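Here are some exercises to work through with the model in view. Try each task yourself before you read the solution.

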Amino acid sequence: MSTIFINGKWADAASGESIDVINPSQGEKFTAISRGKAEDIDRAVLAAQAALEGEWGRLTATERGRLLCKLSQLILDNAEDLAQIEARDTGKPLTVARNDVKVVARYFEFYGAAADKVHGQTIPYLDGFNVSVVRVPHGVTAHIIPWNYPAQMLGRTIAPALAMGNAAVLKPSEDACLSSIRIVELVEEAGFPAGALNLVTGFGYEAGAALTAHPKINFVTFTGSPEVGVMVQEATARNHVPCVLELGGKSPQIVFEDADLDKAAPQIVRAIVQNAGQTCSAGSRLLIQESIYDRFIEKVARLFAEVRVGTPEMDLDCGPIVSARQQKRVRGFIDEARASGVPVLAEGKIATDAPSSGFFVAPVLFGQVPRDHRLACEEVFGPVLSAMPFKDEADAVALANATEFGLAAGVWTENGSRQARMARKVIAGQVFINCYGAGGGVELPFGGMKKSGHGREKGFLALEEMSTIKTVVQNYN
Ligand code: NAD
């Protein structure tokens with residue numbers, strides 16, 4: 001399959017090589033993608049640059065917005081096809097994949113409608129001078145996305161970039177990029193000018209590294225692991241290119257003794273088993289006030305034991321882990337914690353008819369996790385919930401902020417003053433009170449503090465990230 005799209009044309013990799021695509025539910029190859037490398041990246045960047053100087057660069061903001069809205073509609077028209085592709089490629093339940101596709105369409109709708117609502121400023125200055133401050137695109141933007149929500153990630157990063165008039169090069173994950181390929185076909189069908197969006201499939205260490213180091217890109221957004229985030233930042237620093245990094249998390253769910261426990265428990269379980277725990281903003285630490293620890297953990301354990309894992313078609317609570325490599329990593333965390341004596345309070349079940357060759361992992365709830373244990377500090381990126389007691393509000397804040405991450409947090413309390421204090425003191429890019437949105441809606445700015453990254457995507461703020469400012473001073477004396 002030719003999966004590289006440059007200047008409006010599909011092509012194989014210059015090397016002619018390909019990468020096998022494995023179905024995580026079966027553990028078997030079912031197709032292949034082109035293995036793009038530096039040469040393909042170079043062509044894609046040059047095509048994007050040419051698009052800025054050509055038809056794409058001449059479109060008005062309104063015209064760009066209309067194209068994005070058209071694409072949104074095409075995504076909805078092809079929603080079932082896209083959901084099936086996404087489910088097979090990532091292993092996620094079909095209901096989840098269907099919802100993901102609706103979110104992608106919403107990204108293109110939201111940013112399509114916003115494209116011509118971004119206005120500049122005028123500044124009073126010296127007599128006889130006009131000063132205007134205008135937003136302009138960065139130019140060629142590079143977008144590197146992970147495998148956990150590939151379709152959603154594409155919408156999140158590409159829609160605001162195109163809305164602002166950048167020309168983009170997308171490098172999706174080698175572990176799940178089939179929905180990106182299908183959406184790019186719809187970009188073609190929507191009639192975007194050639195070169196506005198270019199796609200290069202390939203490995204991160206080849207295509208990804210070549211893209212972030214390319215001297216002609218002007219901006220990078222990267223969503224992925226903190227380790228690769230460092231490499232991306234180093235590469236962009238060499239060319240003085242700004243970057244937005246959306247990295248990992250170890251987000252706390254903080255439950256106080258006055259919380260509505262029946263409301264909290266199911267949402268807390270969902271926030272970790274959703275997408276088999278492969279969600280950057282998964283609520284992976286459960287911090288419970290010690291006065292209700294036993295009562296609440298019992299409720300959570302009961303729900304946890306009911307979680308069912310299976311193939312996309314079985315459409316249960318969660319699917320397999322994306323790859324054999326990730327499955328091994330997640331199992332490593334679980335085995336190590338068991339071996340070190342951390343109590344297992346509940347386990348979900350893998351459906352008996354799920355293929356044994358699939359990369360399934362039964363979700364695990366660990367209790368009384370020591371504060372300095374790996375499980376309390378490191379991102380597992382799997383369906384593993386670590387529960388820990390805390391004493392009072394000050395202790396809750398200390399524990400919530402005790403990791404290197406700061407992506408999201410959930411606070412469960414009926415006390416309004418405490419809600420406000422916690423929202424202020426917890427270090428996280430998003431704080432949910434008596435709810436948990438795992439990243440939240442398209443409209444809500446999202447991004448990390450500390451090692452969870454920097455910069456913001458989603459909402460109107462993404463339009464600011466995807467553009468820069470030009471100050472124009474005109475002397476009319
Ligand atoms: P990863 O860092 O291994 O890969 C992410 C992307 O980077 C892939 O497309 C990969 O091909 C590419 N890549 C790998 N090496 C590269 C290199 N040297 N140069 C440039 N690109 C390279 O991450 P992953 O395993 O795909 O995803 C899991 C991680 O992503 C987790 O840590 C998770 O928390 C994080 N994540 C964060 C968010 C967020 O919004 N904050 C969202 C989803 C995932």
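**Exercise 1.** Work out whether Leu 126 is buried, partly exposed or exposed.

*Solution.* Begin with the cut-offs: buried means under 20% relative accessible area, exposed over 50%, and partly exposed in between (1.4 Å probe, protein chains only). Leu 126 has a relative accessible area of 48%, so Leu 126 is partly exposed.

A word on the model: it is predicted, so local features need pLDDT of at least 70 and side-chain atom pairs count only at pLDDT 80 or more, while totals for chains, interfaces and linings use all residues. Residues are numbered from 1 along each chain as its sequence is written, and side-chain values use heavy atoms, leaving out hydrogens and water.

**Exercise 2.** Find the order of the strands in the open sheet, and say which stand at the edges.

*Solution.* Strands are DSSP runs (E, at least two residues), numbered from the N terminus, and two strands pair if DSSP finds at least two bridges between them. The three strands follow the order β5-β6-β24, with antiparallel pairing. β5 (121–122) and β24 (467–475) are at the edges; each has a single partner strand, so one side of each lacks a neighbour in the sheet. Now look at β6 (residues 129–137): nine bridges join β6 to β24.

Notes: Helices (H or I, at least four residues) and strands (E, at least two) are DSSP runs, numbered from the N terminus.
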